[in-house]
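Let me put the model up, and then I'll walk you through a few spots in it.

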Amino acid sequence: GPQKDAAVTVRVSGGRVAPATRACERCGAVGIDATAPCPACGTRIPELAQALIIDGRYRVDTEIGRGGMGVVYLAKEMWLDRKVALKIIAPTWAGNAGAAVSFHREAKALASVRSDHVVQVYSFGLHEGSYFFAMEYVHGRSLRKIMAEHREHGDTIPVNRVLTIITQIAEGIDAVHAAGMIHRDVKPSNILIEDDTGRPVLVDFGLAVPGDEPNQAFSMGTP
């Protein structure tokens, strides 16, 4: 996955190494020359933050998930000042045509759904040879982790809470079906529970397919 080092480089598809764009931590301006002050706000080195910028607007922060096909990062959409979950196709799959099609299909599937209980997609694109898409960032834990924590304490999730989660995720699945898609991978690890609101959100559409083509998925796993 993308990595930063002292020279501020990022590894992308095919093992190729390309320079990462620098960003001003103070004003968010990109394309900063390390030998000069920020042209937008005048901030000087070493005050300038060295950050990986995707598509000229997403500043990558930390990795929050990884699977066979993609890596998910917490990032900031600088111009709108909001956190996003940025999913980037894994370098080992970047050159695989089938994986690229599956990755694009996942983004399109999410973009076609409107529900408070299905993660939203904001954009899709190509950066330095690797496909990416930006999603709503849900700050919380997976239902799988919450269930495990309850088991560790010899406890169970209250029945009324379980029924609420099931009902709301069913609403999300209904919206997915209304959009002509089948998720095919609904499980506790693919349900996030938002910390502040308790809202359950269905994520990971990597195996989703059109409803009339249930056998056409290019299965790559999670995320």
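Ser189 sits in the loop between β10 (181–182) and β11. Helices here are DSSP runs of H or I with at least four residues, strands are runs of E with at least two, and both are numbered from the N terminus. What does Ser189 touch, leaving out residues up to four places away in sequence? Ser142 and Arg144, where contact means heavy atoms within 4.5 Å. Ile146 is 43 residues from Ser189 along the chain, and their C-alpha atoms are separated by 9.7 Å.

Now the ground rules. This is a predicted model, so local features need pLDDT of at least 70 and side-chain atom pairs count only at pLDDT 80 or more, while totals for chains, interfaces and linings use all residues. Residues are numbered from 1 along each chain as its sequence is written, and side-chain values use heavy atoms, with hydrogens and water left out.

How confident is the predictor? pLDDT is its confidence in each residue, from 0 to 100. The protein chain averages 76, and 69% of the residues score at least 70. Confidence is highest in helix α2 (residues 143–152), with a mean of 96, and lowest in strand β2 (residues 17–19), with a mean of 34. There are also two stretches where pLDDT stays under 50. One is residues 45–49, with ten contacts beyond four places in sequence. The other is residues 214–223, for which the model has 38 such contacts.

Overall, the protein chain has three helices and 13 strands. It has 223 residues, and 43% of them count as buried. Taking contacts with a separation of 6 or more, 53% are between residues 24 or more positions apart. The protein chain exposes about 11,400 Å², and carbon and sulfur atoms supply 51% of that; the areas come from the Shrake-Rupley method with a 1.4 Å probe, and for residues only the protein chains shown count as cover.

Two strands pair if DSSP finds at least two bridges between them.

Strand β11 (residues 191–194) is joined to β12 by three bridges, and the two run antiparallel. Ile193 has Pro200 of β12 as its bridge partner.

Strand β7 (residues 121–127) pairs with β8 in the antiparallel sense over six bridges, and Val121 has Met135 as its bridge partner in β8. Two residues lie between the strands, and Glu128 takes a positive phi near 50° in this hairpin.

Last topic, salt bridges. That's a side-chain nitrogen of Lys or Arg within 4 Å of a carboxyl oxygen of Asp or Glu, and a search of the whole structure finds eight. Which residue does Glu136 form a salt bridge with? It's Arg199, with the closest N and O atoms 2.7 Å apart. That pair links distant parts of the chain, with Glu136 in strand β8 (residues 130–136) and Arg199 in the loop between β11 and β12, 63 residues apart. Glu136 and Arg199 are both buried. Arg199 also forms a salt bridge with Glu194, at 3.1 Å between the closest N and O atoms, and Glu194 is buried as well. Elsewhere, salt bridges that share partners join Asp55, Arg57, Glu77 and Arg82 into one network.

One more pair: Lys76 forms a salt bridge with Asp81, and the closest N and O atoms are 2.8 Å apart. Are these two buried or exposed? Lys76 is at 28% relative accessibility, so it counts as partly exposed, and Asp81 is at 54%, so it counts as exposed.

Note on methods. Buried means under 20% relative accessible area, exposed over 50%, partly exposed in between (1.4 Å probe, protein chains only).
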